Amino acid sequence: MTSGTDMTTATAIGAILALLALPLAAQTADDDMRAGDFGVDAQVEAQAGDDAGAAEDEMAAGDETVGDKFTDEELTAFVTAALDVWNVREDYAAQIAEAEDEAAALALVAEAEAEMVAAVEEADDITIERYTEIGTAAETDPVLAARLNEMISAEVGDESDDS
């Protein structure tokens with residue numbers, strides 16, 4: 001049986017991977033946003049999980065991938081920023097779901113989006129453009145997605161070990 005911590009970690013990792021390609025500067029409020037989705041697409045989460053095994057096989061084969069154009073430092077900065085974006089999402093999700101009306105929900109979505117942009121802008125060693133580039137590449141490159149997943153798992157594991 002999976003523990004609550006393992007499920008929380010798995011959920012966080014899946015959602016972070018789905019947020020990887022979140023085009024922060026171009027986000028608009030739509031019906032999914034009003035529902036507190038923040039663009040997290042269950043299909044992307046499922047795809048990331050399905051591609052993990054294939055990605056490991058490709059990594060073992062040493063195939064060159066889109067992800068090869070990103071340095072370790074950039075990927076580390078991306079993971080840190082993605083976790084910050086995840087925290088903002090978590091902070092706003094319940095508020096948006098409980099908003100009194102659509103206008104209040106949309107205002108909260110706009111506020112959350114601004115905080116997500118700020119989280120990436122304030123992150124060291126990464127720009128919004130590079131963050132979006134890495135996230136978009138991870139959507140199409142299962143090797144990069146698996147590598148980021150490993151890095152996120154390690155970071156989330158390190159944070160839960162500190163508590």
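I looked up Glu 133 and found it partly exposed, at 33% relative accessible area (buried is under 20%, exposed over 50%, partly exposed in between, with a 1.4 Å probe and protein chains only). This is a predicted model, where local features need pLDDT of at least 70, side-chain atom pairs count only at pLDDT 80 or more, and totals for chains, interfaces and linings use all residues. Residues are numbered from 1 along each chain as its sequence is written, and side-chain values use heavy atoms, leaving out hydrogens and water.

Next, the partners of Glu 133. Its side chain meets Lys 69 in a salt bridge, 3.9 Å from N to O (a side-chain nitrogen of Lys or Arg within 4 Å of a carboxyl oxygen of Asp or Glu). Lys 69 lies in the loop between helix H3 and helix H4 while Glu 133 is in helix H6, so the pair ties together parts 64 residues apart in sequence. Helices here are DSSP runs (H or I, at least four residues), numbered from the N terminus. Glu 133 also bridges to Arg 130, at 2.5 Å; both sit in helix H6, three residues apart, about one turn. I see Lys 69, Glu 74, Arg 130 and Glu 133 linked in a network of salt bridges.

Then I checked Asp 72 and Arg 147, whose salt bridge comes out at 1.9 Å, N to O. That pair links helix H4 to helix H7, 75 residues apart. Asp 72 is partly exposed at 45%, and Arg 147 is partly exposed at 28%.

Last stop: Asp 141 is buried but has no salt bridge, with Arg 147, the nearest side chain of opposite charge, 8.7 Å away. Its side chain does reach the backbone nitrogen of Val 143 at 3.0 Å.

Note on methods: Lys, Arg positive; Asp, Glu negative; His and termini not counted. Polar contact = N/O pair within 3.5 Å; in protein donor to acceptor, adjacent residues only side chain to side chain. Helix = DSSP H or I, 4+ residues; strand = E, 2+ residues; numbered from the N terminus.
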